[in-house]
There are 2 protein chains.
Amino acid sequence: MDQIRLDYTNTLADAVSPERGVLESELKELQPRAAQALQDVLARRDKDLRWLDLPYADEELEQILDYCASVKGRFKNVVVLGIGGSALGTIALFTALASPYHNDAPPGDLPRLFVLDNVDPDLVGEWMEHFHPEETLFNVISKSGGTAETMSQFLVFRDALIRKLGQAEHRSHIVMTTDAENGVLREIVRKEGYASFVVPDGVGGRFSVLSPVGLLPAALVGLDARALLQGAAEMDQRCKTTAMEDNPAMTYACLQWLLQERRGQPIAVTFSYSNRLKNLGDWYAQLLAESIGKRKGKNGEDVFAGPTPVRAVGVTDQHSQVQLYVEGPHDKWFTLLSVEQADHVVQIPQPGPGLEDLAYLGGRRLGELFHAERDGTRIALTEAQRANCTLVFPKVDAHSVGQYLYMMELSVAIMGELYGVDAFDQPGVEAGKIAAYALMGREGYEARRGEIEAAAPKNPKIIG
Amino acid sequence: MDQIRLDYTNTLADAVSPERGVLESELKELQPRAAQALQDVLARRDKDLRWLDLPYADEELEQILDYCASVKGRFKNVVVLGIGGSALGTIALFTALASPYHNDAPPGDLPRLFVLDNVDPDLVGEWMEHFHPEETLFNVISKSGGTAETMSQFLVFRDALIRKLGQAEHRSHIVMTTDAENGVLREIVRKEGYASFVVPDGVGGRFSVLSPVGLLPAALVGLDARALLQGAAEMDQRCKTTAMEDNPAMTYACLQWLLQERRGQPIAVTFSYSNRLKNLGDWYAQLLAESIGKRKGKNGEDVFAGPTPVRAVGVTDQHSQVQLYVEGPHDKWFTLLSVEQADHVVQIPQPGPGLEDLAYLGGRRLGELFHAERDGTRIALTEAQRANCTLVFPKVDAHSVGQYLYMMELSVAIMGELYGVDAFDQPGVEAGKIAAYALMGREGYEARRGEIEAAAPKNPKIIG
């Protein structure tokens, strides 16, 4: 089987230094706690952590594939209206598994894919200027059905569809992904008879990529949803063991916790040596930041916890961030995403006379240069005492990406136990949301609006 | 004049707290040092910091516009072969000033633009599968002419062009941007007679966006290079004063230094509340990281300096990073990029019967929601004692973007003086480069290769 591998040699004190790296004795010492954390998480599989079972949702998968077959060839575009956990997984899958030029020349009769994960009028307005709603399938994704951004976009595009196609016909251009029972979107589905899929209970936004939230858009543009689930299921099986040396999710969680809490490295860099895997870093950034970034510990005490995720791309960021990574503060650790076998072979021609300085490149493959630069950077990081591990993908395909997604989800759930925070809520986004409601004049938020107005700075400091 | 404005009210102790915010007395106290730093930087305008004068390079601009006129309508694609400072400025300009769907439907007879800033064979190989070199102009950008990534790509595409078009004809498909005198690329220009532009002395990669490095690709796809320079020139004039309250670059540099060095906030988040401005954050990430991320101070002592730049996009990242930003460790400060006037107006229709929960959205503009969310997030950050400033763009155009670019370049130069590091070198990228050369078997690096092989871990730790 083509397993992804975790090489954590360079996170250890032996490779970097005792000040910067993890001692094997610390990993051993942490093992019982981590094992307990793993078991606690897995025990919630049938209760509130239903996302653990998504790899086995064969029935949902068949429904998705049936729906895709039923609309095949009908639409030039698929537009996802969703944000955060309803968008980042889809963007990551599309970047990893489709051509970067898919939208320029969609293969076969597949549609283009757009993820409108912002309400910037310049983004939405430009889309409307360039494409036609009547050629488009809109996948509206919101578990709660109350997300202001997504609902606004839904109202905008529903109206555009109805004006073009009429009330009856517009319905076949919308497919909803939302809660099975509750919320405005489910209500609309009942009323209008839109096609719909379910975000199951126990599947929070950032743990939803392997539900219809991520699988439906992926399958609509021809990605292999079945292989994604298969890869995830294999990772699930691998991660049932509490033996640290066999469980990559558990080991990764322990490394993250030790390197931040015992070695003072609060910044976690996902450094993708693959252009195709780069948006996995954005997906993981949400997963890590929202899950572990918490003010309160489990007993209600202030902890202000959480690593800061950063995404980098190799070799690109060797010419942007590596100067800081190698010479700056010792406040970062690194996860390189590495691909053994690219899909393309590009030969570098001989430079010819007059270009002797480039002779070392001639006759080599671009992939050799790519790998040499990756290894060169890894060596430089290690010699500068910057802890780094490597996740090795045998190749970039749905099977390996499914493994990665599940491994990181499980790992972050284990981190929640190690950090002592609730990895599955997000209380910190409420304050901004409520203030925005108040500023929009939403009913019930008048008092908050009054407070905001009263608190406006009397002496603002502005240059210009 | 449409000036960009710096509102730093919420970076002050009064707005957040004395623990987290800057005291006005600290700014006053820092003023003489900052004024000296500004004057030291500006005094190098005619010496080694020639990038300060780029806004006035009218002759170069005319050459660029003449060249663009001469190739107008000839190419379907422009491909930039460059990396780091030869790519990030162009990507930022293209995202900010062209439509996000420019490549889907280039306006008029303008070409599409691709920036191939990686040697991942899956990126380069996919481009070759989808597009035709013989319809393409390649802009090869490297000051030194020795960048391995760029030179490899040049060899690949030169060969493809010659095979399609022959030796004579291929030449008109390549335009070089490189040093005036030295390096392999300049040598090739002399030999082959390629069109070429100059990266002037005293213009390092990350300070080169307003040179032909950034201006030529921008002008080729119809962006207003003249207005960029005009905006930059106006910012230059604004920033000659040493009065803190009038000089946004100087104030911004002081805020960065005080918030990291006196308040322990090492992470600098550029939070763009504009989809179009989002890649300015990537451009700034290089500028800040490579300039200030330094092991050695000016006297050769170990300092391990440097803030870590992070890029976020609003409202998108409210659903991904804001949980961490509001509740996580007090280790970040924020620069919001805000746009007063979007180019598009998108009306949100009335939700109609049964959707009363969405009534607060109906009849409003998408831009109102966008601004309410931005202000809501700013309020939430401030109430959580997270220092934040806002750079207000009256609108997104070449004039405002030119101001921003110059302001940040000057600001980072001043930061170099405050942090006591050389802001204009990048010694930390050498180690990885040399290791990569050794691994590629380049002549002269045999000893290093031997060292690397001898240092290979005897007991690698791998799961899988």
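**Close-up views of the predicted two-chain model**

**View 1. Surroundings of helix H4 of chain A.** In this predicted model, strand S3 (112-115) and helix H5 (148-170) of chain A, together with helix H12 (366-383) of chain B, form the packing surroundings of the buried residues of H4(A). Helix H4 of chain A spans residues 121-130, and its buried positions are A:Pro121, A:Asp122, A:Leu123, A:Val124 and A:Trp127.

**View 2. The contact between chain A and chain B.** On the side of chain A, 125 residues take part, and they are in contact with 126 residues of chain B. Helix H12 of chain A, residues 366-383, gives the most to the side of chain A that touches chain B, supplying 13 residues. Sorted by class, this side of chain A holds 60 nonpolar, 35 polar and 30 charged residues.

**View 3. Relation between the two copies.** Chain A is superposed on chain B by a rotation of 180 degrees with 0.0 Å of shift along its axis, and the RMSD is 0.0 Å. The two copies are therefore related as by a two-fold rotation axis. Both copies use the same surface, as 100% of the contact residues of chain A recur in chain B.

View 4. Strand S11 of chain A (residues 462-463) pairs with strand S1 of chain B (residues 5-7). The pairing is antiparallel and comprises two bridges. Within it, A:Ile463 has B:Leu6 of S1(B) as its bridge partner.

**View 5. The two domains of chain A.** The domain assignment divides chain A into domain 1 (5-43 + 230-419) and domain 2 (50-223). The C-alpha centres of these two domains of chain A lie 30 Å apart. Their contact draws 21 residues from domain 1 of chain A and 19 residues from domain 2 of chain A. On the side of domain 1 that touches domain 2, helices H8 (225-238), H10 (280-292) and H13 (398-419) of chain A each supply at least two residues. Of the contributing elements, H10(A) gives the most, with seven residues. This side of domain 1 of chain A consists of twelve nonpolar, three polar and six charged residues.

**View 6. The β-α-β unit around strands S5 and S6 of chain B.** Strand S5 (residues 174-178) and strand S6 (residues 195-198) of chain B run parallel and are joined by four bridges. One bridge pairs B:Met176 with B:Ser196 in S6(B). Together with helix H6 of chain B (residues 184-192), S5(B) and S6(B) make a right-handed β-α-β unit.

**View 7. The covered strand S8 of chain B.** Strand S8 of chain B, residues 308-313, is mostly covered, with six of its six residues buried. In a regular strand, side chains alternate between the two faces of the sheet. One side of S8(B) carries B:Thr308, B:Val310 and B:Ala312, the other B:Pro309, B:Arg311 and B:Val313, and both faces are covered. Strand S7 of chain B (residues 267-273) runs parallel to S8(B) and is joined to it by six bridges. B:Ala312 of S8(B) is the bridge partner of B:Phe271. A right-handed β-α-β unit is made by S7(B), helix H10 of chain B (residues 280-292) and S8(B).

Definitions and conventions
Residues are numbered from 1 along each chain as its sequence is written. Chains are lettered from A and ligands numbered from 1 in the order in which they are written. This is a predicted model: local features need pLDDT of at least 70, side-chain atom pairs count only at pLDDT 80 or more; totals for chains, interfaces and linings use all residues. Domain bounds come from an automatic or database domain assignment. Two residues are in contact if their C-beta atoms, placed from the backbone, lie within 7 Å. Ala, Val, Leu, Ile, Met, Phe, Trp, Tyr, Cys and Pro count as nonpolar, Asp, Glu, Lys and Arg as charged, and the others, Gly among them, as polar. Copies are superposed by least squares on the C-alpha atoms of residues with pLDDT of at least 70 in both. A residue is buried if 20 or more other C-beta atoms lie within 10 Å of its own, exposed if 12 or fewer, and partly exposed in between; C-beta atoms are placed from the backbone. Two strands pair if DSSP finds at least two bridges between them. A crossover is right-handed if, with the strands pointing away from the viewer, the path from the first strand over the helix to the second runs clockwise.
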